[in-house]
Amino acid sequence: MEMEQDKDEDIAKIKHSMRTSAELTLEPHNTRLRKFMKQLPRLKLKKNVLYRKFFEHNGDYYLQMVVPEHLEQELMCRIHNRLQHAGKQKCNQEFRKRFYFPELYKKWVSI
Ligand SMILES: [Zn+2]
């Protein structure tokens with residue numbers, strides 16, 4: 001997954017800045033990068049794989065792997081199929097136990 005993440009330009013930029021503590025350049029037209037930047041306090045780099053902390057109501061959190069853009073659809077399909085073509089709510093709930101990408105919920109319509 002480390003290498004797959006690095007194929008994603010936005011994720012690679014975030015990871016680079018986290019590794020080097022370099023300031024991220026704000027790219028006003030790159031809305032996806034801006035969405036990632038909003039998540040910065042929740043992002044965590046572990047063995048060079050990027051995760052996002054998902055907080056439960058009681059304050060505990062678990063780590064969601066950040067999904068590179070070129071794998072979003074494939075992973076969504078896989079979960080949708082594994083859940084025997086369940087609806088958006090159920091698929092989304094299952095997906096976010098392990099994975100994160102910006103605007104996940106919106107993207108279920110295209111499945
Ligand atoms: Zn289906």
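Mentor: Gladly! Two strands pair if DSSP finds at least two bridges between them, and strands (E, at least two residues) and helices (H or I, at least four) are DSSP runs numbered from the N terminus. This is a predicted model, where local features need pLDDT of at least 70, side-chain atom pairs count only at pLDDT 80 or more, and totals for chains, interfaces and linings use all residues. Residues are numbered from 1 along each chain as its sequence is written.

Trainee: What makes β2 and β3 a pair?

Mentor: They share five bridges, in the antiparallel sense, against the at least two required. Lys53 stands opposite Leu63 in β3.

Trainee: Why are β1 and β4 called edge strands?

Mentor: The open, mixed sheet has the order β1-β2-β3-β4, and β1 and β4 (99–100) each pair on one side only.

Trainee: How do you know that the span of helix α2 agrees with its number of residues?

Mentor: The expected span is 1.5 Å times one less than the number of residues. For the twelve residues 9–20 that gives 16 Å, and the end C-alpha atoms are 16 Å apart, so the two agree.

Trainee: Which residues of α2 are buried?

Mentor: Asp10, Ile11, Ile14 and Lys15, each with 20 or more other C-beta atoms (placed from the backbone) within 10 Å of its own. The face turned away carries His16, Arg19 and Thr20, which are exposed (12 or fewer).
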